[in-house]
Amino acid sequence: MEKDLIKRVRKTVPLVHNITNYVTVNDVANILLACGGSPIMADDAGEAAEITSICGGLNINIGTLNSRTIESMLLAGKKAKELEHITVLDPVGAGASKLRTETAMRLLEEVGFSVIRGNVSELKTLWGKEGKTKGVDADIADSVTEENLDEMVQFAKKLSKKTGAVIAMTGAIDVVAHENKAYAIRNGNPLMSKITGTGCMLSGVVAAYCVANPENLLDATAAAVAAMGLSGEIALERLKKTELGGTSSYRTYIIDAMSNMTDEILEEGMKIEAR
Amino acid sequence: MEKDLIKRVRKTVPLVHNITNYVTVNDVANILLACGGSPIMADDAGEAAEITSICGGLNINIGTLNSRTIESMLLAGKKAKELEHITVLDPVGAGASKLRTETAMRLLEEVGFSVIRGNVSELKTLWGKEGKTKGVDADIADSVTEENLDEMVQFAKKLSKKTGAVIAMTGAIDVVAHENKAYAIRNGNPLMSKITGTGCMLSGVVAAYCVANPENLLDATAAAVAAMGLSGEIALERLKKTELGGTSSYRTYIIDAMSNMTDEILEEGMKIEAR
Amino acid sequence: MEKDLIKRVRKTVPLVHNITNYVTVNDVANILLACGGSPIMADDAGEAAEITSICGGLNINIGTLNSRTIESMLLAGKKAKELEHITVLDPVGAGASKLRTETAMRLLEEVGFSVIRGNVSELKTLWGKEGKTKGVDADIADSVTEENLDEMVQFAKKLSKKTGAVIAMTGAIDVVAHENKAYAIRNGNPLMSKITGTGCMLSGVVAAYCVANPENLLDATAAAVAAMGLSGEIALERLKKTELGGTSSYRTYIIDAMSNMTDEILEEGMKIEAR
């Protein structure tokens with residue numbers, strides 16, 4: 001893994017344009033600031049491309065999409081591509097409705113992305129297989145386990161080759177792949193699924209890390225995935241010491257941990273393995 | 001009160017589709033996860049009915065509604081009815097504007113609901129009486145007190161008979177009624193009105209509890225109302241021990257308490273009386 | 001500085017209509033409640049003017065604007081003016097896109113405001129100078145420093161005379177000006193820029209303070225600005241004692257501090273100077 005990835009984020013404060021859902025938009029903005037970036041949100045066709053052009057990266061998240069914002073996603077996405085900006089796709093709920101599946105496919109085709117981050121169900125949908133999307137969460141039959149890890153790594157590599165993107169497949173074990181190289185990451189814990197937005201937040205962090213480290217998108221993405229999982233671990237240790245603590249404190253602690261994250265903390269805590 | 005209501009929620013993880021306002025949408029998602037459910041938000045007409053069909057319940061909240069989302073509410077509502085799903089209406093601000101009043105009335109007529117949760121002003125508006133809605137909060141003249149409790153119970157029963165829904169009328173004292181049966185619930189405290197979204201969050205919890213306990217919607221709704229109030233009480237005790245604590249810590253503590261709620265805690269703490 | 005400004009807010013509970021961005025809308029609602037006001041959000045043209053008419057003030061924030069909400073801003077703004085309500089403009093990102101700049105200018109012209117709160121870049125854009133807006137944050141070259149303070153005070157006074165509004169220019173040092181009178185305020189700290197929404201929240205507080213103190217908008221605005229900065233200072237002291245604390249705890253602590261703010265705390269802690 002490359003060195004000083006996080007230092008470069010904190011030093012350059014990458015500006016990331018987010019077209020994202022209104023459920024977790026505040027969390028995405030706050031974790032972007034926490035990880036060292038700077039967020040801007042703009043989802044109207046009247047300004048989407050212009051806002052993208054002043055940023056270094058674009059993070060498109062299709063949760064709570066609508067016809068107005070789909071147009072903005074396409075306009076901003078094409079402008080970002082033209083300017084060779086970092087582009088991240090978070091295909092929230094692809095497979096759960098035709099509108100989301102078709103929009104994700106259209107974005108893949110008409111824009112193309114530097115990184116795609118999703119759960120197994122969503123990524124299977126992008127591949128064209130039937131994903132078993134249960135709402136916005138991956139179906140249990142669709143999770144990454146020690147038993148199917150090899151198969152999942154192969155699938156992520158194939159999807160990367162097909163789309164040209166770094167693939168970040170997140171779940172109990174995370175897989176990050178670019179063409180023939182891949183990492184399995186074992187940070188994080190199940191309580192993270194009991195707060196909304198950990199996936200959306202991670203996609204924002206991926207965008208910031210990649211903008212600051214454009215020479216090595218695979219490592220930048222893997223570092224973001226590990227940093228998010230490690231933040232979840234640090235937060236859980238803190239939560240255990242909090243009398244009467246619960247999931248909302250946990251959410252606060254995760255963002256806190258990300259705001260304190262350094263290359264040194266990450267290097268010591270990350271559980272990453274080349275596959 | 002029926003037993004094991006909460007156990008059934010945590011065991012079945014009911015998926016609830018929410019078409020709700022953008023002010024408190026994140027809180028609604030997080031409390032749904034905290035109480036044992038699973039949230040999905042989708043408010044575009046292009047996917048609203050389809051998303052509803054993969055869920056067990058639908059929670060419609062008319063705060064910050066607009067013409068685009070009203071259409072989605074109607075489409076999702078009709079699909080949910082057709083599939084005999086649990087449907088919850090939160091008529092936020094009914095009486096504060098013609099648009100909200102008319103939309104609430106239209107939803108009542110064209111959809112029909114399993115449960116309606118609102119403050120006295122909003123429910124009076126649904127009845128056709130002039131409610132004294134002061135913005136999104138009930139007017140003081142419209143609160144439930146020991147003095148007018150009998151009258152309020154009667155009103156809730158009448159509104160239940162008229163609409164066919166379980167009525168959850170929340171305020172200083174909460175009244176939950178279905179036809180000729182009713183409960184008065186005395187959990188909660190006034191500080192809960194100093195954070196936004198306690199009502200919206202409760203409606204989400206009501207939906208999850210009812211989806212998991214479809215045989216007894218009156219008890220499921222009453223349990224949700226009591227669990228929310230009790231979470232407010234537990235949070236207040238914790239807040240008193242927090243140096244420099246204020247309303248934002250209080251919000252966190254309420255969701256924390258809901259995430260730790262069990263049938264045992266509820267049974268011990270709830271102050272409920274059949275009327 | 002006038003006395004008892006905050007007491008009047010807590011006593012009268014001013015109802016403020018907010019048409020604001022979906023990134024920080026929840027924070028704005030919560031800080032309005034924390035500071036003693038009452039928030040209502042409504043952004044559809046079908047109810048915007050009607051909702052405004054039941055309120056005492058209107059807070060327009062142009063972050064994440066779109067064609068639908070721009071229309072609502074104009075309708076509500078004109079109604080508020082007609083009723084001589086307090087009107088606050090927060091020109092988030094003016095200068096960052098044509099749509100935002102033009103909308104801000106149009107609102108200035110067609111509505112007019114009691115108070116305008118923004119960073120230097122945004123306010124320069126309103127003046128017609130090229131602001132150096134870097135996304136939604138002021139460019140470093142555009143910050144208020146001890147060196148350029150005199151010049152900035154003069155600029156704020158000129159902008160006040162041109163627009164008729166009290167100007168609240170926020171940054172490292174805050175300047176609040178009305179025609180020939182001005183204050184420089186040195187509360188707050190740089191960590192406040194590491195959470196999203198401190199500016200948006202302040203605009204909400206300004207609206208509440210002004211509605212409750214209509215006789216002296218300059219002092220009411222200055223008190224709101226100082227109260228926000230002081231909340232940031234109190235929160236930072238608390239954060240330093242929080243093991244593993246970070247930016248998300250800091251956000252919580254700021255709103256907590258505002259919920260505990262009194263005239264006495266403000267008078268003791270504010271660092272204000274007439275210029």
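This report describes the chains of a predicted model, the sheets inside them and the contacts between them.

Because the model is predicted, local features are given only where pLDDT is at least 70 and side-chain atom pairs count only at pLDDT 80 or more, while totals for chains, interfaces and linings use all residues. Residues are numbered from 1 along each chain as its sequence is written, and chains are lettered from A, with ligands numbered from 1, in the order in which they are written.

**One chain as a whole**

Chain A contains 11 helices and nine strands, where helices (H or I, at least four residues) and strands (E, at least two) are DSSP runs numbered from the N terminus. Its radius of gyration, taken over C-alpha atoms, is 17 Å, close to the 19 Å that the globule rule (2.2 Å times the number of residues to the power 0.38) gives for 275 residues, so chain A is as compact as a globular protein of that length. Along its principal axes, the C-alpha trace of chain A spans about 50 × 40 × 35 Å. Of the 275 residues in chain A, 67% count as buried, a term that applies if 20 or more other C-beta atoms, placed from the backbone, lie within 10 Å of a residue's own. Two residues are in contact if their C-beta atoms, placed from the backbone, lie within 7 Å; among contacts in chain A between residues at least 6 apart in sequence, 73% join residues at least 24 apart.

**The sheet in chains B and C**

In chain B, nine strands form an open sheet with mixed pairing, in the order β2-β1-β3-β4-β5-β6-β7-β8-β9; two strands pair if DSSP finds at least two bridges between them. At the edges stand β2 (38-41) and β9 (272-274) of chain B, each with a single partner strand, so one side of each is left without a neighbour in the sheet. From one strand to the next, the twist averages 20 degrees, with axes being lines fitted to C-alpha atoms (for helices over the stretch in contact) and angles running from 0 to 180 degrees between N-to-C directions. Within this sheet, strands β6 (residues 166-169) and β7 (residues 174-178) of chain B pair in the antiparallel sense over three bridges, and B:Ala168 stands opposite B:Val176 in β7(B). Helix α2 (residues 25-35) of chain B packs on the sheet, where it touches β1 (15-19) and β2 of chain B, and its direction makes about 150 degrees with that of β2(B).

Nine strands of chain C likewise form an open sheet, in the order β2-β1-β3-β4-β5-β6-β7-β8-β9, with mixed pairing. Strands β4 (residues 86-90) and β5 (residues 115-118) of chain C run parallel and are joined by two bridges, with C:Leu89 opposite C:Ile116 in β5(C). Helix α8 (residues 198-212) of chain C packs on the sheet, touching β1 (15-19), β3 (57-61), β4, β5 and β6 (166-169) of chain C, and its direction makes about 165 degrees with that of β4(C). Helix α9 (residues 217-240) of chain C lies across β5, β6, β7 (174-178), β8 (181-185) and β9 of chain C, running at about 170 degrees to β7(C).

**How the chains meet**

A rotation of 120 degrees with 0.0 Å of shift along its axis superposes chain C on chain B (RMSD 0.0 Å), which is the relation of a three-fold axis; copies are superposed by least squares on the C-alpha atoms of residues with pLDDT of at least 70 in both. Of the residues of chain C, C:Tyr22 comes closest to the rotation axis, at 3.7 Å (C-alpha). Only 11% of the interface residues of chain C are also interface residues in chain B, so the copies meet through different surfaces.

The contact between chains C and B takes 28 residues from chain C and 27 residues from chain B. On the side of chain C that touches chain B, α2(C) gives the most, with six residues. Chain A, in turn, places 27 residues in contact with 28 residues of chain B, and α10(A) gives the most to that side of chain A, with five residues. The table divides the residues of these two sides into nonpolar (Ala, Val, Leu, Ile, Met, Phe, Trp, Tyr, Cys and Pro), charged (Asp, Glu, Lys and Arg) and polar (the others, Gly among them).

| Side | Nonpolar | Polar | Charged |
|---|---|---|---|
| Chain C, touching chain B | 14 nonpolar residues | seven polar residues | seven charged residues |
| Chain A, touching chain B | eight nonpolar residues | 14 polar residues | five charged residues |

Conventions: Buried ≥ 20, exposed ≤ 12 C-beta atoms within 10 Å, placed from the backbone.
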